[in-house]
Amino acid sequence: MRAQSSAIDQIEIAVSTPRTPEQGPLADRRSGTLQAALGVTAFSLTFPATAWGLEGFGPWSLVAVRSVLAAVIAGGCLLALRVPVPARRHWAGLAVVAAGVVLGFPLLTTLALQTSTTAHAAVVVGLLPLTTALLSALRTGARPSRMFWGAALAGAAAVIAFTVQQSGGALSSADAYLFGALLICAAGYTEGGRLARTMPGWQVIGWALVLCLPLSVPGALVALSYEPVHLSAHSVAGLLWVAAGSQFLGLVVWYRGMAAIGIPKASQLQLAQPLLTLVWSVLLLGEQLTPAAPLTAAAVLICIALTQRARG
């Protein structure tokens, strides 16, 4: 334990070592962009993994069990590293993170995926970057440039048009769940990104997961007693990914990235998430991809490049 703590201390010292003004900010931005992109990649697998999980678990069971498993991982890390309990002023923000990204978004999107394809559900992710940027501007006082907003709106429009076209242009009963998930997740991302400026990103999601244990543990017991479970390779793999990959590791690098490059710019990297999700849906679920995908991908990548270059 002492050796592990010593190694972590050395890493912290290395990270905090002053760099030249020319190298420090640039290196931080590159590292932050990479970490945010890794988070987006992890999130892009969430819908296909959830679809796999629903093959063996009910929606309530899947959400509760994934939260418990992720909390066990996070809690183990917090205990092993003897991380002190956050200050009282941080708990309100952690509660928003817990409600948004630990419970709200997983539950609402899982309920939506019972009747919706992953392609249709991806519309919520297409709107999430813009909603997160809007909430960030209101919550943190950020004022991105007009170029940023123009590129963000264009990227969101391209993603929405593509995902609606994928679903045949028809709205389903799952849309209420999806739009609710959009709003509550954007709030959780915004608050988590703000907290990650004052405490490590992995601790933000770690404490949010632990905070949910009084709800997730009894919820899992009740749900498992009412919903039948049919274990299979797909259902187990899907559960493990949404618990360890999406719910913990993905959010760790995501919050670190947001803290480094800012919430608005990090949120725009998520414009690529629906397209990545569709690729995974083809490879893992056998869904069909239309010829419009490459054109939309190119448009979205251009918008991402513009938002990353925009000042503000």
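Two residues are taken to be in contact when heavy atoms of each lie within 4.5 Å. On this basis, in the predicted model, S61 touches A223, L224 and E227, leaving aside residues up to four places away in sequence. S61 belongs to helix α4, which covers residues 59-80. Its relative accessibility is 0%, and S61 therefore counts as buried, the limit for that class being under 20%.

T132 is part of helix α6. With residues up to four places away in sequence again excluded, T132 touches A186, Y189, T190, I263 and S267. The side chain of T132 also reaches the backbone oxygen of L128, at 2.8 Å. Between T132 and E191 the C-alpha to C-alpha distance is 9.9 Å, at a separation of 59 residues in sequence.

Rolling a probe the size of a water molecule over the atoms shows where empty space is left. The structure holds 1 cavity of 30 Å³ or more. The volume of the largest cavity is about 160 Å³. Its lining comprises 16 residues, of which F43, T46, R66, F105 and Y189 are the closest to the centre. Two or more lining residues come from each of the helices α3 (46-53), α5 (91-112), α6 (118-140), α8 (175-195) and α11 (233-261). By class, the lining of the largest cavity consists of 10 nonpolar, 5 polar and 1 charged residues. Y189, one of the residues closest to the centre of the largest cavity, is also among the contacts of T132.

Key: Residues numbered from 1 in each chain as written. Predicted model: local features only at pLDDT ≥ 70, side-chain atom pairs only at ≥ 80, totals over all residues. Heavy atoms only, no water. 1 Å grid on protein atoms, 1.4 Å probe; cavity = no way out; pocket = protein on both sides within 12 Å on 5 of 7 lines; lining within 4 Å. Points joined across faces, edges and corners; volume = space filled by probe spheres on them. Helix = DSSP H or I, 4+ residues; strand = E, 2+ residues; numbered from the N terminus. Nonpolar A, V, L, I, M, F, W, Y, C, P; charged D, E, K, R; others polar. Buried < 20%, exposed > 50% of the residue type's maximum accessible area, 1.4 Å probe, protein only. Polar contact = N/O pair within 3.5 Å; in protein donor to acceptor, adjacent residues only side chain to side chain.
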